[in-house]
Amino acid sequence: MSLQPYVNKKVLILTADGRTLVGTLLSCDQLTNLVLQDTTERVIRPADDPEESEEVSHGLYLIRGENVAICGLLDEQLDSEIDWAKVRGNIVGGVKHT
């Protein structure tokens with residue numbers, strides 16, 4: 001599947017090592033290398049962690065295709081209604097390549 005229809009749209013990327021990144025897709029290629037603009041990483045903490053979850057700004061961000069596990073369009077209206085500092089959850093495991 002081509003990611004070209006997602007160009008210039010806000011996407012959420014789940015990486016092979018379990019990170020969650022949100023940004024505007026600027027470019028992609030046949031190897032699924034991605035360039036994101038205004039990228040933030042969502043660090044969701046477990047319920048027993050005293051720290052709040054957080055969003056870390058990364059700006060312009062390049063993701064190698066081999067590190068992309070999932071790429072999907074983001075529902076911006078729904079996303080804006082969520083207070084990500086209050087979200088708690090289990091850590092998403094990585095993807096094992098064999």
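The protein exposes about 6,400 Å², of which carbon and sulfur atoms supply 50%; accessible areas come from the Shrake-Rupley method with a 1.4 Å probe, and for residues only the protein chains shown count as cover. This is a predicted model, in which local features need pLDDT of at least 70 and side-chain atom pairs count only at pLDDT 80 or more, while totals for chains, interfaces and linings use all residues. Residues are numbered from 1 along each chain as its sequence is written, and side-chain values use heavy atoms, without hydrogens and water.

The secondary structure comprises 1 helix and 5 strands, where helices (H or I, at least four residues) and strands (E, at least two) are DSSP runs numbered from the N terminus. From that terminus the order of elements is β-β-β-β-β-α. The radius of gyration is 14 Å, close to the 13 Å of the globule rule for 98 residues, so the protein is as compact as a globular protein of that length; the radius is taken over C-alpha atoms, and the rule is 2.2 Å times the number of residues to the power 0.38.

Of the 98 residues, 31% are buried, that is, under 20% relative accessible area with a 1.4 Å probe, protein chains only. The largest nonpolar core has 13 residues, and I13, L34 and I63 have the most contacts inside it. Such a core is a set of buried Ala, Val, Leu, Ile, Met, Phe, Trp, Tyr and Cys residues joined through side-chain atoms within 4.5 Å. β1 (10-15), β2 (20-28), β3 (34-43), β4 (54-63) and β5 (68-73) each supply at least two residues of this core, and β2 gives the most, with 3 residues.

Notes:
Buried < 20%, exposed > 50% of the residue type's maximum accessible area, 1.4 Å probe, protein only.
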